[in-house]
Amino acid sequence: MPPSSSRTAPTEPAIRATGLTKRFGTLAAVDSLSLEVARGESFALVGPDGAGKTTAIRLLCGIMDPDGGRAEVLGFDTVKESEPLKEHIGYMPQRFGLYDDLTVAENIAFYADIYRVPKAARRTRVPELLSFSNLAPFQDRLAANLSGGMRQKLGLVCALIHTPQLLILDEPTFGVDPVSRREFWHILHELLRTGMTIFLSTAYMDEAERAHRVGLMHRGRLLVADTPGAIKATFEGELLEVRADNLRAARRILSALPEVRQVLAVGDRLMATVARREEAIAPITAALEAGGVKSVRIAPAEPALEELFVQIVRREEG
């Protein structure tokens, strides 16, 4: 079943925000957000907790009114036409409202009733959603007995039951195991094949790289919005991957070296930004060995969004 129709012409963006602002007292949770998302595009809004991602999503869904600026989603004004807009979007908040005492099938039926999905449409839509989400074998299981990954899939199915044209997801894989995260993203890519537009927020930088475009948000402001490749191309300096037996001591030593611009701990390694790799490896190695750090291994690396995000934030803050 194709996505539901909207008032947006094929050449018009699915989302257009201009100067969108929301304040809570003196805090600007969203500060002059201007953004366009094309039809059929996946857009990932990335940032730490408190960056303003959830508030931005609520503004775009018409759940919350802005204090300044405006937004059109699928051709609907998010303030003046918030109710008709909700019929055309699928919204999955961080804590989706599943009913633990209902089965998988009953939860889906409940949301189908809310969205007034015709009985005839349900006969094809429900099996289709159960199949592509791999929930068909579990449709008689209570939601309370589902794993975290399966609950997220069920929430997604419920958000899709009315065949929306735009899917808006607020940190949909937060707290979900890596395997379930990969499965969830496989489902999202299948949805993109149908022409659906997907707008999501995430705190996982590696996950954001799967989207067509990425927006980096910090303290309510959108710092950059572009393809992952274009954002990486703005990286200043070169990157070294540093492994050692004592990463805490290694990080302290690296942070004090004039050759090192920034150091990030990423899993079982450190990522050190330097001006030129070939000039930095020798003094870094010597400093680590002099500091008693053993099993030092240094190799060239390519920047990921995490390194870019830290660099862009520091650049903005001077």
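Two strands count as paired if DSSP finds at least two bridges between them. In this predicted model, strand β11 (residues 238-243) and strand β13 (residues 269-274) are joined by 5 bridges and run antiparallel. Within β13, V274 stands opposite E238.

This pair belongs to an open sheet of 4 strands. The order is β12-β13-β11-β14, and the pairing is antiparallel. The edges are formed by β12 (260-266) and β14 (297-301), each of which pairs on one side only. From one strand to the next, the twist averages 25 degrees. Helix α9 (residues 247-255) packs on this sheet and touches β11, β12 and β13. The direction of α9 makes about 165 degrees with that of β12. Helix α10 (residues 277-290) lies across β11, β12, β13 and β14. Relative to β11, helix α10 runs at about 25 degrees.

A further open sheet is built from 4 strands in the order β2-β1-β4-β5, again with antiparallel pairing. Strands β2 (27-37) and β5 (76-77) stand at its edges. Each has a single partner strand, so one side of each is left without a neighbour in the sheet. Strands of a sheet pair through backbone hydrogen bonds, either parallel or antiparallel. Here, strand β1 (residues 15-24) and strand β4 (residues 68-73) run antiparallel and are joined by 5 bridges. T18 has R70 as its bridge partner in β4. Helix α1 (residues 53-61) lies across β1, β2 and β4. The angle between α1 and β1 is about 120 degrees.

The domain assignment divides the chain into domain 1 (15-232) and domain 2 (236-302). The C-alpha centres of domain 1 and domain 2 lie 38 Å apart.

The largest pocket has a volume of about 350 Å³. Its lining comprises 17 residues. Closest to the pocket centre are K86, E87, I114, Y115 and H162. Two elements, β6 (89-92) and α4 (119-132), each give two or more residues to the lining. By class, 11 of the lining residues are nonpolar, 2 are polar and 4 are charged.

How values were computed
Residues are numbered from 1 along each chain as its sequence is written. This is a predicted model: local features need pLDDT of at least 70, side-chain atom pairs count only at pLDDT 80 or more; totals for chains, interfaces and linings use all residues. Side-chain values use heavy atoms; hydrogens and water are left out. On a 1 Å grid over the protein atoms alone, a cavity is a set of points where a 1.4 Å probe fits but cannot get out, and a pocket is an open set with protein on both sides within 12 Å along at least five of seven lines; lining residues have an atom within 4 Å of a point. Grid points are joined across faces, edges and corners, and a volume is the space filled by probe spheres set on the points. Ala, Val, Leu, Ile, Met, Phe, Trp, Tyr, Cys and Pro count as nonpolar, Asp, Glu, Lys and Arg as charged, and the others, Gly among them, as polar. Contact means heavy atoms within 4.5 Å. Axes are lines fitted to C-alpha atoms, for helices over the stretch in contact, and angles run from 0 to 180 degrees between N-to-C directions. Domain bounds come from an automatic or database domain assignment.
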